[in-house]
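Reader: Could you walk me through this one, starting with the terms you rely on?
Author: Gladly, and here is the entry to look at while we talk.

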Amino acid sequence: MSDDAGQMLLIYDDPSDHRSLSLDDASSTEESPDGIGLSLEAVNDVIPYIGQRFLTHDAAYDFYSTFAKRCGFSIRRHRTEGKDGVGKGLTRRYFVCHRAGNTPVKTLSEGKPQRNRRSSRCGCQAYLRISKITELGSVEWRVTGFANHHNHDLLEPSQVRFLPAYRSISDADKSRILMFSKTGITVQQMMRLMELEKCVEPGFLPFTEKDVRNLLQSFKKLDPEDENIDFLRMCQSIKEQDPNFKFEFTLDANDKLENIAWSYASSIQAYEIFGDAVVFDTTHRLSAVEMPLGIWVGVNNYGVPCFFGCVLLRDENVRSWSWALQAFTGFMSGKAPQTILTDHNMCLKEAIDGEMPATKHALCIWMVVGKFPSWFNAALGERYNDWKAEFYRLYHLESIEEFELGWRDMVNSFGLHTNRHISNLYASRSLWSLPYLRSHFLAGMTLSGRSKAINAFIQRFLSAQTRLAHFVEQVAVAVDFKDQATEQQTMQQNLQNISLKTGAPMESHAASVLTPFAFSKLQEQLVLAAHYASFQMEDGYLVRHHTKLDGGRKVYWVPQEGIISCSCQLFEFSGFLCRHALRVLSTGNCFQLPDRYLPLRWRRISTSFSKSFRSNADDHGERVQFLQNLVSTLVSESSKSKERLEIATEQTSILLSRIREQPISSLSLRDISSVQRNF
């Protein structure tokens with residue numbers, strides 16, 4: 001043994017570790033003590049040996065790391081002798097097994113929480129020592145000590161890749177992951193996409209899901225003030241690219257971001273027609289900044305959710321909610337919705353009453369029902385499902401009187417007289433119970449299927465883990481994706497052949513005006529209307545099912561003015577005439593539905609229709625595109641019968657003659673040629 005034998009080294013990166021390590025300068029291997037496992041055999045040219053030379057200490061580290069990986073362990077840098085720039089500089093380095101040393105037991109401090117993290121260190125003696133040698137003015141590093149004895153099991157090749165030393169995310173992969181996070185996909189989906197891109201088996205990427213989550217978390221660990229500045233810069237950047245993008249924000253007394261709301265051009269455009277009924281979902285939080293998140297959504301004429309706007313608030317008080325509602329109506333040129341559906345939030349209710357006095361405030365039933373398990377599971381036990389079924393029955397009743405009687409019976413039957421949640425539900429029944437809401441337009445957003453579609457849309461950008469500054473961009477990606485999906489769904493619906501079930505002229509007329517989604521809803525009522533009988537009364541009509549001898553609905557019809565209404569209030573609630581009104585129209589020899597009962601929001605129009613009302617010389621191309629869409633629809637509808645084709649040909653000829661009589665506007669030749677090319 002050399003003079004260095006028995007030299008004691010303490011682990012320099014953990015001063016609390018007092019376990020020493022004996023290093024041998026001269027020998028390349030040592031006899032293995034009993035009970036100590038030897039490393040796996042390796043090829044001679046990759047086994048370190050005394051005297052082996054390297055140009056740099058980093059090259060020696062890389063070589064030893066490769067050797068360790070083949071054997072089933074990893075290494076870490078241990079101790080150095082000397083220091084760069086001082087005296088002879090760095091003269092010796094030690095690399096040890098990742099399980100070298102021991103972790104001492106920490107002394108517990110009263111009142112101070114302790115982190116008892118597990119350690120893999122077990123006092124392993126494997127090491128590699130290199131020393132700097134200078135000969136003839138040339139500097140190199142030589143192996144002067146090597147021991148490959150391990151007092152622990154070595155890992156199999158399929159396991160060793162999971163050691164932290166061999167897991168890494170390249171800069172290219174980091175950029176890819178950041179891009180994925182903006183799209184709203186989950187970490188599991190990111191991993192699968194990258195496995196497919198790199199053509200590797202599942203689980204064989206050089207990093208794990210935990211590494212990706214840590215990376216995404218590191219993106220968030222920025223100074224909050226810098227994060228807010230970046231967020232505002234991002235909004236301003238989008239505004240410069242799209243002048244129709246709108247955002248508002250407030251700063252607190254310390255000039256820090258307090259609230260911010262924004263809406264995209266396509267959202268504002270869609271709101272013009274589909275902003276009559278709006279869901280304001282405030283049940284989410286943005287984890288990146290732990291701020292309450294509010295999202296305005298609605299439903300378009302094809303029954304597809306559409307995004308209207310977003311808001312992030314520091315506090316959930318009346319003042320903050322009032323500011324959010326003011327910002328939203330400001331984006332929408334002061335137009336408030338007819339109905340707004342929210343979660344049960346007293347501060348928000350007060351803000352709505354103050355900022356939108358003419359708007360009907362209702363509660364989203366799916367948000368209310370989502371709380372039932374925590375409210376009633378323990379109180380009702382095995383009877384919970386029976387109670388829930390009875391609740392839904394009461395919820396769907398048509399008359400307020402039936403609801404009131406049924407609610408009283410339900411409370412008595414299930415013994416819920418003292419339950420505070422039942423008391424609160426009853427106190428707010430006018431905000432969520434259908435018997436109280438049927439006179440208000442809700443666009444069908446109380447249906448469970450609609451709630452699932454809206455939640456799926458919201459979760460698309462909430463599932464991603466990204467910085468605040470990227471969130472507005474991330475939402476834009478989700479909105480663009482939704483807009484494209486909506487266009488595709490619109491095209492698919494329009495390409496489907498509509499099946500007429502009654503043969504009535506009023507049915508074919510409605511099919512030519514309404515979207516396939518809206519027509520299917522009206523068609524259900526048309527089919528059911530055939531099963532009802534109507535009786536003319538002094539003040540209107542009584543309509544009831546042909547199997548019933550009493551009861552029924554009162555229908556009022558003024559043919560001269562084209563006005564009809566029913567006591568069931570289905571049209572007021574959904575925008576579709578009910579079976580009772582349709583029966584009266586049919587018996588009254590009405591062959592087309594009055595225009596007022598074919599609402600614009602359910603017609604075959606796109607959101608560009610609303611934009612056409614604001615058109616000017618600057619958006620001439622968009623007006624031409626809109627005209628092209630009308631012509632396409634005209635040809636499609638006219639070709640369905642000989643009678644339609646004759647009417648279309650006659651009326652189009654008259655219209656064309658009138659157009660040719662008009663003077664040509666001051667378009668440039670370039671504009672005219674561009675229009676001709678479009679046709």
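Author: Buried means under 20% relative accessible area, exposed over 50%, and partly exposed in between, with a 1.4 Å probe and protein chains only. This is a predicted model, in which local features need pLDDT of at least 70 and side-chain atom pairs count only at pLDDT 80 or more, while totals for chains, interfaces and linings use all residues. Residues are numbered from 1 along each chain as its sequence is written, and side-chain values use heavy atoms, with hydrogens and water left out.

Reader: How many of the residues in the protein chain count as buried?
Author: Of its 679 residues, 45% count as buried.

Reader: And what is the secondary structure of the chain?
Author: The protein chain has 26 helices and 20 strands, taken as DSSP runs numbered from the N terminus (helices H or I, at least four residues; strands E, at least two).

Reader: Where does D173 sit, and is D173 buried or exposed?
Author: D173 lies in helix α3, residues 171-183, and it is buried because its relative accessible area is 8%.

Reader: What does the side chain of D173 make a polar contact with?
Author: That partner is the side chain of K198, at 3.0 Å; a polar contact is a pair of N or O atoms within 3.5 Å, where within protein one must be able to donate a hydrogen and the other to accept it, and residues adjacent in sequence count only if both atoms are side-chain atoms.

Reader: Changing topic, is V635 buried or exposed?
Author: V635, which is in helix α24 (residues 620-638), is exposed because its relative accessible area is 54%.
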